Amino acid sequence: MAVMAPDIRLVEHAQRGDATARDRLLEEAYRGVFRYHLRLARGAMDEAQELAHETMLRVVRSLETLREPTRFVPWVLAIAANVWRDARRRTPDAALPEELPAPEPQDDADEAQAVMHRLDALPEPYRAALTLRYLHGLDYDAMEVALGAPAGTLRSHVARGLKVIRESMEKRSRL
Amino acid sequence: MNACAETRERVEEFAVDLTTPVERRAIEQHLGECEACRATFHRVRRIEETLMSAGGVPPAVVEAGLSRLRVAVERERRGRDVISRRSVMPLIAAASLMTGIFVWVLAPRVQDAGPAKQEPSFDERKLVTLPEGVGEYEVAPDGRTVAFVVTRDGKKRVVVGDTVRGPYEDVGSLSFTPAGVITYDASVAAAGGAERSVYVFGKQEIDPYPHLLAVSEDGARAAWAVVRDGTWSVTAGEKQYGPYDEVADLTVTRDGGRVAFGARIGERWSVFVDGKAGPDYEAVRTVRWAPDGSRVAYVGRVSHEQGMVKRGEERTFVKSEKVVVVVGDVVSDPFDHVGAPVFRPDGAEVAYRAGIGGGWFVVSGGKRGDEYDFVGDPRYSPDGKQLIHSARLEAAWYVVVGGKTTSVPDGIREIAFGGGRVAVVAGREDGPGPMQVVEQEAGSGAKYDSIGGLRFARFRDEHVTVYCARQGAWHHVVYDQIAGPRYREVGLPAVSPNGRFIAYPAMRSGKWVLVTGAVEHNESENRPLVASRNSEDFDDVGSPVFSADSRKVAFPARKGRELIWKVIALE
């Protein structure tokens, strides 16, 4: 599972000013942060790189303020979520629809690609929840910290996102 | 709704445990009886498994991103990076990342991209007509040189003044240093149709892309470390040092004339000053130059232990180390933890945070301060008379100035000094929580969603805080804790030498203006009052610079494809 979970000691050493520990921490965290932004940016590599860069700079600047090193992963992803929100402030996604539109069926090479295309087509809150739950392997407590929403809401977003993907995949298999 | 329809409707809620125990039992029972619904449930599980195994990232992309990140972190660590809307106010203007808004430096009275020093121009004039489809562009701090990216035949080229660089596959992060040296990232074609990244610093194309970069205070000189075939080397001016097995903490003196770095040969690390190795340690880190460039300070690890130990019935992994602070030839007693050493501006004294056991304290001039649960790296005020650091004691945060504590609501994100006063931005990054500026003795300002660019400005005999703040979708420049007009974005404010004017770029309704504010004294409230005025509309506005006599403010601006150096007379 794609989880970035650094040794807690590494976080503590980095907080104490150990540059080597900090660099290792950045290396471990960068991949996960990039993956998060890549999904939120619907696969736009350049945009994901810019956002990951900005996220990691904020992580470095505020590492000292992290009070629970055990919460490093959700803390970093909360910063990533803030960076995404800031970047999208002027062009927010439309309000959450009651019924999610099913993505248009595509001629995907394989099932995995088809699932990822459908993930990318989901509205942002669902995309973010599914990304953290499955691509990052976070539990709902950690997702609460990262996304600033109650666990019940996040479970609901995950369920609804899965449902849209599943129904769209069923349409694909009937084509 | 029949059982099949009910199950199909709720199968995802069942999968993520959103059902009540009664509903759960009913769905479980139906899945045991109905093959079609069981297939639906398995499809959901397969989607979950697919998502869990997805998310691979090309290693080259990660490595390129990490290289760039290391350089940026190093720049920030030195605090000598080009100041820009993008780099200084990421919280305020992060949206500019997405829109490709250009970045101009806020560094008045600096040099041209050429070798000759020139003062900023205060003659209004057209700079250049940008070609159709131009990408990033920048104006040098003195307003005399323009750089921009053009695409021809599918390749990108960088035009700097009257010279053309390239071709490149891609170009990014175009910027001028305070000294007017152009810098950017570029991708160049490599064998087999691949691309590789290079970093351009003035006329120097650093290939491969540097793992470490150190720049002089004026941005005129740089040193860098690269890795070729797993071997590290350092370049500083005409000199090359290496090979090493690893290099860290590359740093140059203020003028860029001397270089120091930690390097590993085999299992041992030393700090190399101008290529000459000091004593060896298990590890070295946080190398810092004295302001006059006469000596370095750094942290050396003398021993470490790690392994499983038995505590009662439990076995626990523990890791501990002993570290010393080395200042010139003087070595401190060992500590369990040490932060980055910092020299007093006169270079005569060094301060650092250190920990023994569970307690933390600041050591300055060899003397220990009070003990806390945690302390931040200390900083000296510009006059060297005050030492300031953050501290945490039993979950409460404080800012400590000269041993005197002031409570702050959260961690400290920025510190500013001015006229013997200290202000901090208090707040945490991990959530949508508020930030506020806290001034010692003067108290706290209003809470905002985010704050950046805190500094002091002098007005009459007072020093007042100036910063940028965002509340919701609106941005303000806040002067002496009073928010100015709201805009969709603002750039960092500049303050005139006589303290009577401020100026900053701002965006509203998709158009940019330069906001100039005349600072008057409000007799009734006995505090400054800013009367703001907007310039004409532009498509983009860069950072302003005031004339030495405070009578004019100049700034780069764009209308359509016309770039102009605009000058406003102040009254």
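Gly560(B) takes a positive phi near 60 degrees in the hairpin of β47(B) and β48(B), where two residues lie between the strands. This is a predicted model, so local features need pLDDT of at least 70 and side-chain atom pairs count only at pLDDT 80 or more, while totals for chains, interfaces and linings use all residues. Residues are numbered from 1 along each chain as its sequence is written, and chains are lettered from A and ligands numbered from 1 in the order in which they are written. Helices (H or I, at least four residues) and strands (E, at least two) are DSSP runs, numbered from the N terminus. Two strands pair if DSSP finds at least two bridges between them.

**Around β47(B)**

- Strand β47 of chain B covers residues 552-559, and six of its eight residues are buried (20 or more other C-beta atoms within 10 Å of the residue's own; 12 or fewer is exposed, in between is partly exposed, with C-beta atoms placed from the backbone).
- Lys552(B) has Ala569(B) as its bridge partner in β48(B).
- β46 (residues 545-546) of chain B also pairs with β47(B), antiparallel and over two bridges.

**Two open sheets in chain B**

- One open sheet has four strands in the order β6-β7-β8-β9, paired antiparallel. β6 (170-176) and β9 (204-206) of chain B are at the edges with a single partner strand each, so one side of each has no neighbour in the sheet.
- From one strand to the next, the twist in this sheet averages 25 degrees (axes are lines fitted to C-alpha atoms, for helices over the stretch in contact, and angles run from 0 to 180 degrees between N-to-C directions).
- β8 (residues 195-201) of chain B meets β9(B) through three bridges in the antiparallel sense, with Phe201(B) opposite Gln204(B).
- Another open sheet of four strands runs β36-β37-β38-β39 in chain B, also with antiparallel pairing. Its edge strands, β36 (450-459) and β39 (482-483) of chain B, each pair on one side only.
- Eight bridges connect β36(B) with the antiparallel β37 (residues 462-471) of chain B, and Arg455(B) has Val466(B) as its partner.

**Where chain B touches chain A**

- In all, 52 residues of chain B are in contact with 58 residues of chain A (contact means C-beta atoms, placed from the backbone, within 7 Å).
- Elements that each supply at least two residues to this side of chain B include α1 (3-15), α4 (59-78) and β14 (246-252). α4(B) gives the most, with 10 residues.
- The side of chain B that touches chain A divides into 26 nonpolar, 10 polar and 16 charged residues (Ala, Val, Leu, Ile, Met, Phe, Trp, Tyr, Cys and Pro are nonpolar, Asp, Glu, Lys and Arg are charged, and the others, Gly among them, are polar).

**Glu13(B)**

- Glu13(B) belongs to helix α1 of chain B and counts as buried because it has 20 C-beta neighbours inside 10 Å.
- Neighbours within four places in sequence aside, Glu13(B) is in contact with Ala159(A), Leu18(B) and Thr19(B).
- Arg24(B) is 11 residues from Glu13(B) in sequence and 9.5 Å away in space, C-alpha to C-alpha.

Conventions
Contact = placed C-beta atoms within 7 Å.
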